[in-house]
Every structure is written in C-alpha cells, then in structure tokens.
Amino acid sequence: MKKILLSVLFVGVASLANAQKSEVTAAKNAWGLLGISKAKTLAENLKELNDGLAHTDKAIVNEKSKVMPEAWSYRALFSSRISLVDSLDVKNSIANQKIAEEAIAQAKTLDTKGAEKANIQDAELNVDNAIRNRGIFAYQRKDFATAFDAFKEITKKNPKDTGMYVNTGVVAKEIQNYPEVVSNFKKAIDLGYKDASILYSEIVSITFDKMKDSVAGLALLQEAGAKFPENPYFIGLETDIYIKRGDIQKSQEMLTKLIQKDPKNATYQYLMGDTYYKQALAVQNQRNALDAKKTKEFNELGVKMTKFIDQSIPYYKAALEIDPKNVNALENLKIIYGFKEDKVNFEATKKKLEEIQK
C-alpha cells in the first residue's frame, strides 16, 4: 500500500512540474496573441496583459519552471507592457515596473545563451517609456514633483540621454530646485546638447540671481564665453559684471584683447562702446540724485558724463561700419544724438532704425 501511495505521489509531482512548464508556453502564446491587430479598450488590453502575467505567476513558483529564462523574460514583457499601457495610473504603473525590473534581472541571470536577449531589451524599453510617460503626464497636469522624480529616474537608467536631463532641469526650475536645474542642464551641455548656449544662459542667470553664487556664476559665464565667443550675451554679461564691480579696466582689457584678435567683429566693438556708455549712465544717475542747489557738482558730473559718451561713439560707429544693421548700436547712438541735440545725426540714425525694423 505504501509503495502504491509513493508512486502516486511521484506522478503528482511530475504532473505539477509539467503543468508549471505549460504555464510558460501559455504565457508565450498569450504574448503572441497580443500582436493580432484589433481595436481594444484600455480595460480589454489590461485584462489580456494581466491574464498573461498570471501564467508567469504560476511558472515562477515551481522549482522546475522558475529556472527557465523564458518564464522571467515573458513575465518582464507582460508587466513592463502593463506599466507602459497604464501610465496614467501611477500606482499600478510603478507596481508593475517593479515586477518587470525584478523579472528582467532574473532573466539576465538565467539567460546564459542569450536566447531571451530580444525580449529582455523590449521589456527594458517598455520600462523606460513607462517612466517617461508618467513624467510627461505629470508635467501636463502640473504635478512637477512627480514629473521631476520620473525624469530623474530615466537619467539614472540612461545617463547619456541629453533630452531627459533637459526635461529634469525644466521641471526642477518649476519646483525651484535650482541646484538640480544647474546640474542637469550642465550634464546635457557636457553630453553635447545642440542648444547648449540656451542652457548656459539659463544656468548662468540662475546661479547669479537665484543661488546668489557669483563665483560659480562667473566661472560658468567664462566657460560659456569660451565655447560661444560670438555670443554677445555672454561677453556682454561678463563685461557688465566687471563694470558693476567697478572694475572697468578688467572689462576693457578683455574687450581690447578680443578686438585685437578679431577687429572685424561688430559685437566686440559695440560692447567696448557699452563700457563707456554704461559709465555715462551711472554718472547720470549720480547727477540726478544731487540736491538741485549743488550746481557746481552737477556741472562737473555733466562734463564727466559727456566725456564717457564721446568715448563710446567711435566704437558704436565702428560696429556699424562692420554691421550696418546692428540695432543695439543704432539705438544707443540715437539716444546719444538726442542727448547732444544733434538733430541731423539723430534723424539719420532714426531713419536707419526704421528701415531695419520694417
């Protein structure tokens, strides 16, 4: 009697093992059926995916079938697809992402022959796209904190994805996490993001204005200026910083070297003119703040201001000789001629501006 019972027990174990292996086959078949083209609602799609995932639930609990790499690769496919398809349901998407990531790790370990490589890669792509979608959907509903977490996660998974670093920086700015804006935009720049000058403008501005770090800001500004020597914003901002610090000499030394290197650069000529013009504006503000009775001081400041204005004119003219459509130089000259009551040059400059701006 004992022998009979023992034999029956062995048959039962073998049957169970075969049954569990058949769950892997059922999962494969279910995945294949998903490829048949027909219109499905989200609910219908999720039901088919969850049914397929259920087959792998059974397969991975058995000692025989849980060591089959395809049991895990198809589990990764189903769960990652659910995570992607159901991206709007953040809780369910994340839960299935975790299942998928565990399955992917197991499949990679067991797939020593590489037979499941394509399935594993597809599952990894699904996971990445699911995270991206959650980030985009969160951004669209202005849930910037959730969007930040999603985009940040993608940068960790794909550390060379410049677009995701930019996305992370954008949402970090929305939640006023300025160090993350700078670090993510800087990473995108270092990886060769095509619009790097725009990102530099952002991080330079944020470092100076929001983070109040003038040392780091100037370092970034100089780095940007070296990479984009033709960009007037970076050169102009650096000279402005020196002017505000009262270090006009430093500003003019920098521009003098640039002009010597490239005398036909209209931007350099214009900015050199600006170093004098902005000094004139500073003196004007100083003069306007004087007590009306201080006539002597007022007149002395007027002479000083006029001297700076006269020093700016040759550089603005030089800029226009190189680039007749330099609007900034024309605008400043128009103001200067108006101040000096030079009607002829004022009207001529005004006419040129109007022609350009038509």
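**Overview of the model**

Of the 358 residues of the protein, 41% count as buried, where buried means under 20% relative accessible area, exposed means over 50%, and partly exposed lies in between (1.4 Å probe, protein chains only). This is a predicted model, in which local features need pLDDT of at least 70 and side-chain atom pairs count only at pLDDT 80 or more, while totals for chains, interfaces and linings use all residues. Residues are numbered from 1 along each chain as its sequence is written, and side-chain values use heavy atoms, with hydrogens and water left out.

**Overall form**

- The secondary structure comprises 16 helices and zero strands; helices (H or I, at least four residues) and strands (E, at least two) are DSSP runs, numbered from the N terminus.
- The radius of gyration of the protein is 34 Å, well over the 21 Å that the globule rule gives for 358 residues, so the protein is more spread out than a compact globule.
- That radius is taken over C-alpha atoms, and the globule rule is 2.2 Å times the number of residues to the power 0.38.
- Along its principal axes, the C-alpha trace spans about 125 × 40 × 40 Å.
- Among contacts in the protein with a separation of 6 or more, 56% are between residues 24 or more positions apart; a contact means heavy atoms within 4.5 Å.
- The protein exposes about 20300 Å², of which carbon and sulfur atoms supply 55%; accessible areas come from the Shrake-Rupley method with a 1.4 Å probe, and for residues only the protein chains shown count as cover.

**Helix α15**

- Helix α15 (residues 327–339) has 13 residues and reaches 18 Å from its first C-alpha to its last, close to the 18 Å expected at 1.5 Å a residue; the expected span is 1.5 Å times one less than the number of residues.
- The buried residues of α15 include Ala329, Leu330, Asn332, Leu333, Ile336 and Tyr337.
- These residues lie on the same side of α15 because they cover an arc of only 165° around the axis, the arc being that of the directions from the helix axis to the C-beta atoms.
- The cover over the buried residues of α15 includes α13 (266–288), α14 (295–322) and α16 (343–356).
- Just after α15, Glu341 takes a positive phi of about 60°.

**Salt bridges**

- Side chains of opposite charge can pair when their charged atoms come close.
- A search of the whole structure finds 15 salt bridges, each being a side-chain nitrogen of Lys or Arg within 4 Å of a carboxyl oxygen of Asp or Glu.
- One of them joins Lys28 and Glu70, with the closest N and O atoms 3.8 Å apart.
- This pair links distant parts of the chain, 42 residues apart: Lys28 is in helix α1 (residues 2–34) and Glu70 is in helix α3 (residues 69–85).
- Lys28 is partly exposed at 33% relative accessible area, whereas Glu70 is buried at 17%.
- Glu101 and Lys157 also meet in a salt bridge (2.8 Å, N to O).
- Here too the pair links distant parts of the chain, 56 residues apart, with Glu101 in helix α4 (residues 90–110) and Lys157 in helix α6 (residues 144–157).
- Glu101 is partly exposed at 28% relative accessibility, and Lys157 is partly exposed at 35%.
- Lys186 forms a salt bridge with Asp190, their closest N and O atoms being 2.9 Å apart.
- Both Lys186 and Asp190 lie in helix α8 (residues 178–190), four residues apart, about one turn of the helix.
- Salt bridges that share partners join Lys186, Asp190 and Glu223 into one network.
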